[in-house]
Amino acid sequence: MNEMTTVARTTTLKDWETDQEVRWCPGCGDYAILKAVQRTMPEIGTTPENTVFVSGIGCSSRFPYYMETYGFHTIHGRAPAFATGLKLANPDLDIWIVTGDGDGLSIGGNHTMHLIRRNLDCQIMLFNNEIYGLTKGQYSPTSRVGTTSPSTPFGSVDRPAQPCAFALGAGARFVARGFDVSKELPNVLKAAHAHKGAAFIEIFQNCIVYNKDVFQDFAAPKGAEDRQLWLQNGEPMLFAKGTKGIALDSGALELKVVDVVDGDWQAAGVIVHDVTNRSVAHMLVEMRFGEFPMALGVLYDDPRPTFEADVVRQNAAAREGKTADLQSLLKKGQTWTVKEGGPEL
Amino acid sequence: MATAVVDRAGEGQAPLSDAVVVRFAGDSGDGMQLTGGQFTLSSALAGNDFATFPDFPAEIRAPQGTLFGVSAFQINFGSSAIDTAGDAPDVLVAMNPAALKTNVAALKLGGLIIADEGEFNDRNLAKAKYDSNPLEDGSLAKWQLLKLNISQATLDAVKPFGLGNKEALRCKNMWTLGLALWMFDRDRQPLIDWLNAKFAKLPDLAAANVAALNAGHAYGETAELAGPLKQHHVGPAPVEPGLYRTLTGAEAVALGLVAGAQLAKLPMFFGGYPITPASAILHHLSRLKEYDVTTFQAEDEIAAICSAIGASYGGSLGVTSSSGPGIALKGEAMGLAIMTELPLVIVNSQRGGPSTGLPTKTEQSDLYQAVYGRNGDAPMPVIAARSPADAFECAIEACRVAVQYMTPVMLLTDGYIANAAEPWHVPDLTAYEDFPVQFLTEAPEGGFKPYGRDEKLARPWVKPGTPGLLHRIGGIEKEIDTGHINYAPANHQAMTDIRKAKVDGIKVPDQGVELGAEGGKLAVVGWGSTFGPIHQAVRRKRADGADVSHIHIRHIWPLPANLGELLKSYDKVIVPEMNTGQLKTVLRDQYLVDAKPVNKVSGQPFTIAEIESAIEEALK
């Protein structure tokens, strides 16, 4: 989110579409995400000229070309660093970072971590398809163990990174999850935009060419009720049409799935979602799918002062009462004057 | 080097007629850099011209007394123009055996060694790998030796102030400085004032240091020393009247960048990452926020340049700075700045390489990296500073080229320029022509073209936030005018040609001759911090009647338009460089001239004598 300095005006989805031909593979999950973003933008009251999409390299990073805003398609993994300089140069801009599991967690993992820890005000959309698409199908840092790919013909052996756990570990004050074709995605994006500070959103995205349907086990519409836990602040963590819920095993300090009988979730000990509870957030991002449903929506949201606001404040304080007289700066320190007769202090 | 010395070409001057080279050497913890710095100031106040060379180890606190823990500071001062920190010292002050061992070989034959014999005990001699005490065994017979128990004399002098033994011994450098001030007939008062100000909150410490200083001075004055210790007065150098201060290259770059941003009427954004010897630029700028400077210590070198490019995209003047290894990491991002045609200044304070190399030593071995070191055909202007004072001018020039041509620019300095101090005639800023940036704020007639071009082939600079000029940029090849993605063969050919033509077309002043004539038997062509030794060597040889001229190149890329013709007007061309011949290769490539290399890669600057022999050799 940002402080608006330009006059808000009403926009429609069309105002956010460019004339560029979209070049993702037919059926790619990126199309759905693009639509969701274009649908969200008119609802959050910002203007195209005040909005900048910054991306790195990869399929997801083509995103800026398709948004009728300012856009910067940078280099592999470095979008967070560009965004940091841009935001410090103009804190009024509304900045969206578009990255992927390879761009944001492998080559650019360091920058993602530092952007989050500094809490730069921006939205980070990490499209997670668990594969390298643009380079033709190598396994990625989020690929599951055993993923066969051109670079791992016998299956990958390294354990995958967990994007939301990574973000929270880096100090994120906002962590959310959604997936490409979900109707809820615009609401997640709106919540991310409303959060002042670095808002991290993991978006599961279906790569139909190199990693097709890898999220179908929870994203498929059929049976979604049983496998998706959509979190709502202030609401009990219920799924499977209210017949199951998430409770705390206070002995083991772990979450557990409990049955809810006759809608009496209190009796079952189901937790009410508090987006500001960091301890529970740590447990939610670690929930193993299968044993648990996939936690989706806003997992954590507890704002802190932003990096750029603190920089602006410190710069202003340092400037207080000083005049920017460069000529006098040049003369600073110990000087001496040379006269015709010789030097003197 | 004294930029302000009258008649700097100095054709008629006797070379180094009345100049003295003093080297202070001691343990890292002995305060030699501070001693040297204060002696430098006293030289300035005495009206001498001077040049300095701080030479310190990479280790922050190397084990005491070891050979690799020696820190030295050399100053050359005199009553005529000084261009270098001097070749061989006339006086070596050695605070311990290790300092003597690592520095004595450089001392002029018959030069004076002042050694603190209090430190020449068995333990320290062993650490310095001396089998016997050199102060006693006659091995220093080529030089004059003055043994003084500086440690004890200091302890005696500061006794009344109740300092602990360790603290008391830390005043040794002031005792030594006091003696040096006496030797060269210098006024102590400015230094006493400085000590009182520095230790204002610790009056005992101030008093102890002043006492040590006075004791050292008094020692020189009263000790009846038969032999080497003599007072020597070096008269003032004839310099232009005006206001002066001392300036290091790092300060000069910082001030020049601030001046450049102000002349461009832009806020400056500086993204940096700590690296020796470039960090000092970040330190200086982070204190200058009132000049509309934002500094950002990034998580790495790549983030430092990328944040600066992001800031330039946002309408600030983006600047980043590093040294060789960090510059290598920034290479890909430089390509992006070239592709997206955004202004950016990249400062490279070169150090010994490759890899980590010699972090605290100087070298000029990043010229290839600056001119050629990126993927693709990625032309980028390169400007090289010759001295601390020149770095101020070069930084302004780099800012000007960056914003006027919408291009990244590399400014080369080196470890020597960054750390060395010289007197600086404070310039009058009103004498500089400003170059205010005009951002595009509305579509021109015929429509907005993000990659449309002006007469300099520069594209328009549009700040995000500007209504009506929305566009996308990036590292993929751009379509002419529109800036859309375009992979078409003819478009890539045309865009590559345009990027080249833009940089080739940057207006660079014609190359002049620093000393000598246009045309003749021999040109000595240099760049960067070799200016001093080349200039002095050419001056000396010309005084001997040799037909030799000095050409010093500031604009490494693009090169001055007349340079090829100028070089061809000499029978021979030699190129002294602190690398294995990088400018030499560029000159041969560009002009088909038979430029011969003169190389030194020891981590130390050229001596004047080395260049003189190269000249003699070339004229044989």
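## Helix packing and chain contact

In chain B, helix 6 meets helix 8: B:Met174, B:Trp175, B:Thr176, B:Leu177, B:Gly178, B:Leu179, B:Leu181, B:Trp182 and B:Met183 face B:Asn209, B:Ala212, B:Leu213, B:Asn214, B:Ala215, B:Gly216, B:His217, B:Tyr219, B:Gly220 and B:Glu221. Contact requires C-beta atoms, placed from the backbone, within 7 Å. The residues of this contact divide into 11 nonpolar, 7 polar and 1 charged. Ala, Val, Leu, Ile, Met, Phe, Trp, Tyr, Cys and Pro count as nonpolar, Asp, Glu, Lys and Arg as charged, and the others, including Gly, as polar.

This is a predicted model: local features need pLDDT of at least 70, side-chain atom pairs count only at pLDDT 80 or more, and totals for chains, interfaces and linings use all residues. Residues are numbered from 1 along each chain as its sequence is written, and chains are lettered from A and ligands numbered from 1 in the order written.

The axes (lines fitted to C-alpha atoms over the stretch in contact, with angles from 0 to 180 degrees between N-to-C directions) of helix 6 (residues 172-183) and helix 8 (residues 203-222) of chain B come within 7 Å and cross at roughly 40°. Helix 6 of chain B is therefore oblique to helix 8 of chain B.

Chain B also touches chain A. The contact takes 58 residues from chain B and 52 residues from chain A.

| Class, side of chain B | Count |
|---|---|
| Nonpolar | 34 residues |
| Polar | 16 residues |

How values were computed
Helix = DSSP H or I, 4+ residues; strand = E, 2+ residues; numbered from the N terminus. Parallel < 35°, antiparallel > 145°, perpendicular 65-115°, else oblique. Contact = placed C-beta atoms within 7 Å.
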